[in-house]
Amino acid sequence: METVRSRCVRLLLSDTAYASERSYQLSGDISYAQDGAGYFASLTPEGAWPDIDYQSTLSNAWPPSWHLYRLLLVARQYHRNHDPQYLAALHRGLAYWTSHDFRCPNWWQNQINTPFAYASLLLMLGPEATAPERAFLDNVLSSRIAQKNPTGQNKIWQHDIEARVALLHNDAAALSQALNNMASVIVVSTGEGIQPDYSFQQHGAMLQFGNYGLHFVNSLLFWLAVTEGTSYAFAPEKQRVLFDYCANGLRWTVFRGKMDMTTRGRQLRAGADTKRGQVLYDDLRLVRALNPAQACRYFLDGFAGPADAVCELRGNQNFWRSGYLVQMARGQYFTSVKTHGPFVKKIESINGENLLGAYLNDGVSLVQRTGREYHDIEAYWNWALLPGTTTDTTLAPGDAQVLKSNNEAAFVGQVSDGAAGLSTMAYDRLGLQARKSYFMVGNTLVVLGAGIAAKDPKNVVTTVNQTYYKAPLVSTEATPNSLRWLWHDSIAYFFLAPGSQPKTLVQTRKSNWPALDLASPPAGAADVRKTCTILLPHRQTSEYAYAVQTGLGQAQARDAARRFPVQVLANTRAVQAINATDRVMAAFYQPGKLRVNASTSMEAGSPCLLVYKRTTPKPEVWVSDPTRTLQNVRLSINGVSHTIALPQGDLLGSSVKASF
């Protein structure tokens, strides 16, 4: 137990991603303007900081909590210089807190954050903590630690605090119980936490990779590090679940060092993508050190060293449990689509966070080549026009009724063969209906929409992209031998439906973080950026078809428009399908037939999604059931029929492979 305690203190005194306040920093709930020495100097004789609003009623980024986290920095500095004035400052600061016992309207601060930070401070102080300081933890804070039916990361936090208290009390049995309780959460299940597809959910079926899901790794790596080689160590099978989650889940959300905003949860703040990327990289450094023979399995894009040259990160990753599909190639391109429906909740807007994100899970498709396309763009975006969405522009995305509404259509799902994939979403929200499919093959995203219906279609648009503007923006008309196309910042846009009339908007927009996050500071008057938005209006059309390719020059875009490699086979309310060189990908919203060419046709006996790959010696098909209601599906390809059993139980909605 002394080994665990000494390691715990040593880690708390470090500046490691999975130690002390770094988890709180990554969420943007706290930032430091000074170091430990600076905060020592600015602490008042009463033990407070003049710039902290101790009476704040904010639910997120609660200013009084900054007091304890600044004391953590002062404690680190004290352990470096052993200056008794620093120790006196720590006691003054703790006395100020204990005499006021600050409370937040958000339960999380009172039951998790305050006990976590306070117990960590007492561990750092060790025998220099006073009897009154210990008594405040035992007599006041300890009674608040237990939650009612905690799940996922909230349960991890509770037992993490209990473990810290056990170390302070030298209670071996309590430490063992806390760690066993923590280990009980390290499972793959359809409850809150790690899902069978290695996504992470919290607050129900809600994707939380970059919020609770990243805190989960930080918390567990802390205890994994301090218990390694002791009788308290996590069992190897528990460690493997955690490592698999990192390899098969989290690392697929980061491109060129930045985490995809649609996976980060509700905390959309300046620098959030890079903070999370850096923290995950620091986490994976420990995981790689523990698994040196599998180092490439934990390679994270954007942080390559010389030894990583042989590491590959390429393909299509299908998070069917959470409505998230990714296509990426290390350092070259990254495309993602995020959907929601009856089986997957959209990301929440609570505690003054994500105030404009009503449509953030409505088929948002982000296409990246440099990793800078969407960095901090949240502050400049028109949130009614998110990439990949079809919206009624008369509805304000920050309106309470809009935020409360959901996609009510039941046909929402994904299929993947590991190299290519399809995400499909029947859409029915606030009187707007559509059938939307997103096909990913290599560096190409093909997007089809059909059956768009609304009470007043003149206000309905589909947004192809909305990103930072970088001159030039090239636009060409269609010819008898060429598609209409646009080119901007090494990304080409091809309009596959005859008569498509895309509109482009280049606008100068002022930063406005507080509009989407109450705790974020306002920007200066000079903080403006130009954005480029590509739209398809639906005043006169109820369908659309376009493709996006990354990494093309203007000449390459022109050539691709003449010989585009993807053919749209169908785009109706019944079926949406493409033919892409060696694959046919299709969404059958109902039983139906599809003719690919003179020699290939297929028929689905039930609604389903499929990828049909022809280049293998024996043609293969991957199938999934977006309705999550079927036992099997009958497919017929070129007259050959098979009844394919679909995954059941925890694997409902996942892809299954069959040979023809």
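**Loops, cores and a sheet in a predicted model**

Asn149 sits in the loop that links α7 (131–145) to α8 (152–169). Most residues other than glycine have a negative phi, and most peptide bonds are trans. Asn149, although not a glycine, has a positive phi of about 55 degrees. With a relative accessibility of 65%, Asn149 counts as exposed, because exposed means over 50%.

His203 also has a positive phi, of about 60 degrees, and is not a glycine either. This histidine belongs to the loop between β2 (200–201) and α10 (212–227). Its relative accessible area is 25%, which makes His203 partly exposed. A further backbone feature is the cis peptide bond between Ala471 and Pro472, where omega is about 5 degrees. Pro472 is placed in the loop between β14 (460–468) and β15.

Next come the cysteines. The structure contains one disulfide, formed by Cys296 and Cys311 with an S to S distance of 2.1 Å. Both cysteines lie in the loop between α12 (272–290) and β5 (314–319), so the bond ties together parts that are 15 residues apart in sequence. The torsion about the S-S bond is about -80 degrees, and the disulfide is therefore left-handed. The two partners can be compared by their accessibility: Cys296 is partly exposed at 29%, whereas Cys311 is buried at 2%. Cys246 takes part in no disulfide, and the nearest cysteine sulfur, which belongs to Cys311, is 15 Å away. Cys246 is buried, with a relative accessible area of 1%. Cys104 is buried as well, at 8%.

In soluble globular proteins, nonpolar side chains tend to be buried together. The largest nonpolar core of this model has 108 residues, and those with the most contacts inside it are Leu175, Phe216, Trp223, Phe234 and Tyr245. Helix α6 (residues 107–125) supplies the largest share of this core, 11 residues. Phe234 gives a view of the packing: leaving aside residues up to four places away in sequence, it touches Leu179, Met182, Ala183, Ile186, Leu220, Trp223, Leu224, Thr227 and Gln239. Apart from this core lies another, of 45 residues, including Met261, Leu268, Val364 and Tyr374.

The sheet can be followed strand by strand. Strands of a sheet pair through backbone hydrogen bonds, either parallel or antiparallel. Here, eight strands make an open sheet with antiparallel pairing, in the order β10-β11-β12-β13-β20-β17-β16-β15. At the edges stand β10 (412–416) and β15 (473–476), each with a single partner strand, so one side of each has no neighbour in the sheet. From one strand to the next, the twist averages 15 degrees. Within the sheet, strand β12 (residues 432–441) is joined to the antiparallel strand β13 (residues 444–453) by eight bridges. Lys436 stands opposite Gly449 in β13. Helix α14 (residues 554–562) lies across β15, β16 (484–488), β17 (491–495) and β20 (544–550), and runs at about 160 degrees to β16.

An unreviewed UniProt entry places the feature "domain: Polysaccharide lyase family 8 central" at residues 317–549. Over that stretch the chain is 2% helix and 45% strand, and its end C-alpha atoms are 19 Å apart.

Key
Residues are numbered from 1 along each chain as its sequence is written. This is a predicted model: local features need pLDDT of at least 70, side-chain atom pairs count only at pLDDT 80 or more; totals for chains, interfaces and linings use all residues. Side-chain values use heavy atoms; hydrogens and water are left out. Two strands pair if DSSP finds at least two bridges between them. Helices (H or I, at least four residues) and strands (E, at least two) are DSSP runs, numbered from the N terminus. Axes are lines fitted to C-alpha atoms, for helices over the stretch in contact, and angles run from 0 to 180 degrees between N-to-C directions. Contact means heavy atoms within 4.5 Å. UniProt positions are given in the numbering used here, feature names are shortened, and annotations may be inferred rather than shown by experiment. A disulfide is a pair of cysteine sulfur atoms within 2.5 Å. Buried means under 20% relative accessible area, exposed over 50%, partly exposed in between (1.4 Å probe, protein chains only). A nonpolar core is a set of buried Ala, Val, Leu, Ile, Met, Phe, Trp, Tyr and Cys residues joined through side-chain atoms within 4.5 Å.
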